[in-house]
Amino acid sequence: MKALLTFISILFFVFLVSDSQQAENTPKLLKAEPLSQTALQLQFDGELQADTVEDLSFYQIIPDVKIEFALLDERLNRVLILTSPLETGKSYRLSLKNTKTEIDLTLPAENEITFGTGNAVTFSGSSQDTSLIVSKDRKTRNNNVGAESTLQCNPTGSVFFVAFDLYDAFEDMAIRDPKQVLDATISLHAQQFETDSAQTLILRRVLLPWKEGRGKSDRAQEDELTYNSALHRNLPWNKPPAQAMLAGIDGDNQSDYNGSDDVAHRIDGAFEIQESNKRYTFKSDLITDAVRYWVANPDYNYGYLFALRDGTAPITFSSKEVVDENLRPMLTIRYQTKTDTDTIPLR
């Protein structure tokens, strides 16, 4: 009996040491950001192990907050925590098991998150972008350069598409009311600009599904976006490359997404581009309205088409494939963290 008790004591000691060592080897917690009443994101200074950070017992939030779920982000240095409801403006304290880590949390009434790819954004891995390149002789019209590090538009007719998938993030944060969205901006980094004159870039909402190309300046494959069709050879544009033909189709209603048009007739924004090596932010009430619509109707989020209006020279932007993640396309949304938003007008 004494030998058995000794063996159990040794096992218990080994368990404690192993648990303590595992916690000590966990990268340092840099930031804990409440995203909504039921979600917060933790950012660490190194790669994490899922078996540690997805264990709910690893976390404690006081007073009176229950940890419901923990998910390691694909970037391996961030964890999404789902909790019982937090109160805005109230102070909470988060601690990590078997560590000296403690950090104070306060949920703000308003917050801001970014979508895109890379460690520089809040939610990563849920965007797509591609360029449809039209040659000067207009004979090569089926090139989809979705794997290039650039996005291009030019006077010949080349355009590019950018879309951000909001569904998983907003669903995880339990933000389902479009009235919570206060404003939204899209930002792109201009890599190359071949004229001293300002060029006007226009944004129009895409109304049909599309897939970005998997090649670099290659002909599109069967299911990819092309100059001639949304899904190569199977779903032709009404007027290539994805130009609206009918007045009154603006993308505000579900019925606008019935295939009667390719891109919204309405222009949601027109912005001057004046120089290269600069990030441009595109903001308008109509862009915010589009994001609100996508929150309410995530299945109809096909992003935006970008094109030159009366331009005289090409413009090249950085795509999500560019090596420097700080230059990649981003969508930024400012929103109310509480779900009770009846006082916010929805345009």
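**View 1. Strand β2 and its two partners.** Strand β2 (residues 39-44) is mostly covered, with six of its six residues buried; buried means under 20% relative accessible area with a 1.4 Å probe, counting protein chains only. Strands here are DSSP E runs of at least two residues, helices are H or I runs of at least four, and both are numbered from the N terminus. This is a predicted model, where local features need pLDDT of at least 70 and side-chain atom pairs count only at pLDDT 80 or more, while totals for chains, interfaces and linings use all residues. Residues are numbered from 1 along each chain as its sequence is written, and side-chain values use heavy atoms, leaving out hydrogens and water. A39, Q41 and Q43 point one way from β2, L40, L42 and F44 point the other way, and all are buried. In a regular strand, side chains alternate between the two faces of the sheet. β2 runs antiparallel to β1 (residues 29-36) over six bridges, and a hairpin through two residues joins β1 to β2. Pairing takes at least two bridges found by DSSP. With β5 (residues 78-83), β2 pairs in the antiparallel sense over five bridges. A39 sits opposite S36 and has L82 as its bridge partner in β5.

View 2. T337 lies in the segment after β22 (330-336). Its relative accessibility is 1%, so T337 counts as buried. The T337 side chain reaches the backbone oxygen of P108 at 2.6 Å. Leaving aside neighbours within four places in sequence, T337 is in contact (heavy atoms within 4.5 Å) with residues including L35, S36, Q37, T88 and Q180.

**View 3. The open six-stranded sheet.** Six strands line up as β11-β10-β13-β20-β15-β18, with antiparallel pairing. The edges are β11 (143-144) and β18 (269-273), each pairing on one side only. Helix α4 (residues 285-296) packs on the sheet, touching β15 (199-205), β18 and β20 (304-309), and its direction makes about 25 degrees with that of β15. That angle is taken between N-to-C directions on a 0 to 180 degrees scale, using lines fitted to C-alpha atoms, for helices over the stretch in contact.

**View 4. The nonpolar cores.** A nonpolar core is a set of buried Ala, Val, Leu, Ile, Met, Phe, Trp, Tyr and Cys residues joined through side-chain atoms within 4.5 Å. The largest has 62 residues, and F115, F161, L166, F282, F306, F317 and I333 touch the most other members. Setting aside residues up to four places away in sequence, I333 touches F115, L166, F170, V181 and V291, among others. A second, separate core of 22 residues includes L29, I67, V79 and L94.

Key: Buried means under 20% relative accessible area, exposed over 50%, partly exposed in between (1.4 Å probe, protein chains only). A polar contact is a pair of N or O atoms within 3.5 Å; within protein, one must be able to donate a hydrogen and the other to accept it, and residues adjacent in sequence count only if both atoms are side-chain atoms.
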